[in-house]
Amino acid sequence: MRHLRPGLEPYRSIVADIEALNDALNASRPPTVHVNTARIGPPSLIERFQSDGWRAEPLGWMPSGIRLPKVGSPGRHWAYRAGLYQGQEEASMMPVALLQPQPGERVLDLCAAPGNKTAQIALAVGPTGTTVANDRDAHRLGVVRDTALRLGLDRIVSVVHDGATFPLPAGAFDRVLVDAPCTSEGSSKVSRDPDRVVDPGYRRWVMGQQKALLRRAIDLCRPGGRVVYSTCTFCPDENEGVVAAVLNDVGDRARLADVRLPGLRTSPGLTGTTGLSSGGRPLAPELARSVRLWPHIAGTGGFFAAAIDVLGEPPGQMPERHRHRAFRDEDHGALRAAYQDIFGLPDAAFDGRVLVAKGEAIVMVARDLQAPSHPVPATYGLPLARARGTAPKMTTAAAMALAPFASGNVIDLTADQRDAFHARRTIELDNGQMPKSRKSRMVILRYEGFGLGVGFLARDGAPLVESQFPRIWSSHKARRNSGTHS
Ligand SMILES: C[S@@+](CC[C@H](N)C(=O)[O-])C[C@H]1O[C@@H](n2cnc3c(N)ncnc32)[C@H](O)[C@@H]1O
């Protein structure tokens with residue numbers, strides 16, 4: 001007889017084929033990635049994977065999702081380092097698909113780290129939208145920042161606060177995602193430990209957190225907006241139970257939306273008496289509108305999500321007190337002009353962006369980005385240069401973002417040179433690759449038109465480029481961030 005994970009025992013009453021669920025959790029799934037559609041279209045990225053021998057295919061239900069063969073290690077591919085995609089489990093793409101952020105909207109990701117869904121949101125709201133990425137854990141938020149820089153997303157503001165008491169006025173956001181802390185019974189990380197059993201005390205504690213976070217999210221969302229609550233766990237107490245309790249508290253201010261995602265094998269949320277739900281109260285029939293991904297049915301990790309519409313007439317315009325501070329261009333024209341001159345960057349390269357100072361750094365920020373004044377933003381935008389001066393070293397994130405516009409001091413690398421750059425080795429150039437007129441030793445490096453980062457030409461004029469690719473993106477951290485969990 002097969003060994004049933006002890007953590008699955010309680011679910012016999014709600015899962016028809018518990019052995020199949022057990023097998024699905026033990027099986028490995030092919031990695032999936034979410035495409036940085038601001039840089040490349042999914043079909044072009046699929047072509048690039050295929051030309052490297054990876055049989056990549058689109059996720060049928062999610063236009064910006066790609067499935068890779070099991071041998072593919074997404075964090076090791078050059079296109080990952082060039083910020084063309086983010087490693088993300090297929091199931092974890094579902095909550096933002098249900099949230100449906102629209103261009104120009106202001107969206108709060110209340111529990112954002114490590115930030116895969118934040119990136120998905122920022123791509124959906126586009127250059128005129130704002131994504132506020134909040135997490136209670138400042139250290140984990142650092143990973144969100146790293147992702148934003150690699151993907152070139154200058155429309156994310158990160159803040160550190162307890163989401164349950166997030167201090168902005170009610171109705172301050174068009175949409176709010178609560179990808180809540182949970183017991184993670186369906187996640188790939190947990191699948192690797194078949195003997196894990198959830199501590200009941202932790203479960204009770206986290207349920208309190210989940211309810212408080214969802215309640216606050218509903219308050220923060222404007223009438224006519226949407227909140228999505230999601231977890232990567234199976235327990236109805238943390239899923240339908242939390243949604244039922246909070247909807248009961250908020251009365252007719254919000255209701256479950258009836259949402260489906262064609263092509264994804266979702267199952268309805270649980271209803272009635274599960275024998276597991278909190279307080280023994282039956283779950284109301286409308287909870288079937290929430291969505292479950294069971295690994296043995298969907299072929300994905302385990303996930304739960306509920307889309308909740310906040311009722312009422314949308315305000316014509318956000319009331320003044322709900323508006324956040326927009327960034328105003330400061331006078332960093334000399335720095336911009338120096339870079340435009342060195343790299344032949346047209347004005348269009350800076351369209352829709354303003355330059356502001358943040359500590360010693362000069363940061364490029366989307367012109368329409370709006371930041372709350374409290375909590376004080378920890379990070380925003382893309383640093384253009386980390387130091388002041390006439391033409392200090394441009395950052396890798398800025399070089400990657402501006403590379404497609406560059407016409408001077410820019411070098412198009414071969415595949416071998418690209419790999420040397422990413423490995424931080426000195427690159428030997430062919431004769432024709434040296435920039436014609438050199439205005440600086442600093443060069444932007446590209447591969448097939450995609451920005452890779454910054455390098456320095458040799459002082460003595462030899463055809464060599466010293467790689468400035470960040471050490472931290474070159475090695476372990478690249479792989480850590482590319483993990484497909486969450
Ligand atoms: C499931 S993870 C979020 C995953 C993330 N949304 C993603 O897609 O990459 C839950 C996060 O909630 C954060 N968290 C836990 N309690 C919180 C609270 N009260 N307020 C804000 N964040 C909290 C944790 O630090 C953790 O980063």
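Residues are numbered from 1 along each chain as its sequence is written, and side-chain values use heavy atoms, with hydrogens and water left out. Because the model is predicted, local features were taken at pLDDT of at least 70 and side-chain atom pairs at pLDDT 80 or more, while totals for chains, interfaces and linings use all residues.

Five strands form an open sheet with mixed pairing, in the order S20-S22-S23-S24-S21. Helices (H or I, at least four residues) and strands (E, at least two) are DSSP runs numbered from the N terminus, and two strands pair if DSSP finds at least two bridges between them. The edges are strand S20 (410-412) and strand S21 (427-428), each of which pairs on one side only. S20 runs parallel to strand S22 (residues 442-447), with 3 bridges between them, and Val410 stands opposite Ile444 in S22. Helix H13 (residues 415-422) packs on this sheet and touches S20, S21, S22, strand S23 (450-457) and strand S24 (464-467); contact means heavy atoms within 4.5 Å. The direction of H13 makes about 70° with that of S23, where axes are lines fitted to C-alpha atoms, for helices over the stretch in contact, and angles run from 0 to 180 degrees between N-to-C directions.

Lining residues have an atom within 4 Å of a point. Points are joined across faces, edges and corners, and a volume is the space filled by probe spheres set on them. There are 2 cavities of 30 Å³ or more. The largest cavity holds about 50 Å³, and its lining includes Leu141, Arg145, Ile156 and Tyr380. Helix H6 (138-151), strand S7 (156-160) and strand S18 (379-380) each give two or more residues to that lining, with the largest share, 4 residues, from H6. The second largest cavity has a volume of about 30 Å³; among its lining residues are His34, Tyr85, Asn116 and Leu151. Helix H5 (116-125) gives the most to this lining, with 4 residues.

The second largest pocket contains about 420 Å³ of space. It is lined by 26 residues, of which Ala38, Gly152, Arg155, Arg353 and Ala401 are the closest to its centre. Helix H12 (396-402) and S23 each supply at least two residues of the lining.

Most residues other than glycine have a negative phi, and most peptide bonds are trans. A cis peptide bond joins Ala113 and Pro114, with omega about 5°; Pro114 is in the loop between strand S5 (106-109) and H5. Another cis bond joins His374 and Pro375, with omega about 0°, and Pro375 lies in the loop between strand S17 (370-371) and S18. Arg424 is not a glycine but has a positive phi of about 65°. Arg424 lies in the loop between H13 and S21 and is partly exposed, at 30% relative accessible area (buried is under 20%, exposed over 50%, partly exposed in between, with a 1.4 Å probe and protein chains only). Glu448, in the loop between S22 and S23, has a positive phi near 50° and is likewise partly exposed, at 44% relative accessibility.

Definitions and conventions: 1 Å grid on protein atoms, 1.4 Å probe; cavity = no way out; pocket = protein on both sides within 12 Å on 5 of 7 lines; lining within 4 Å.
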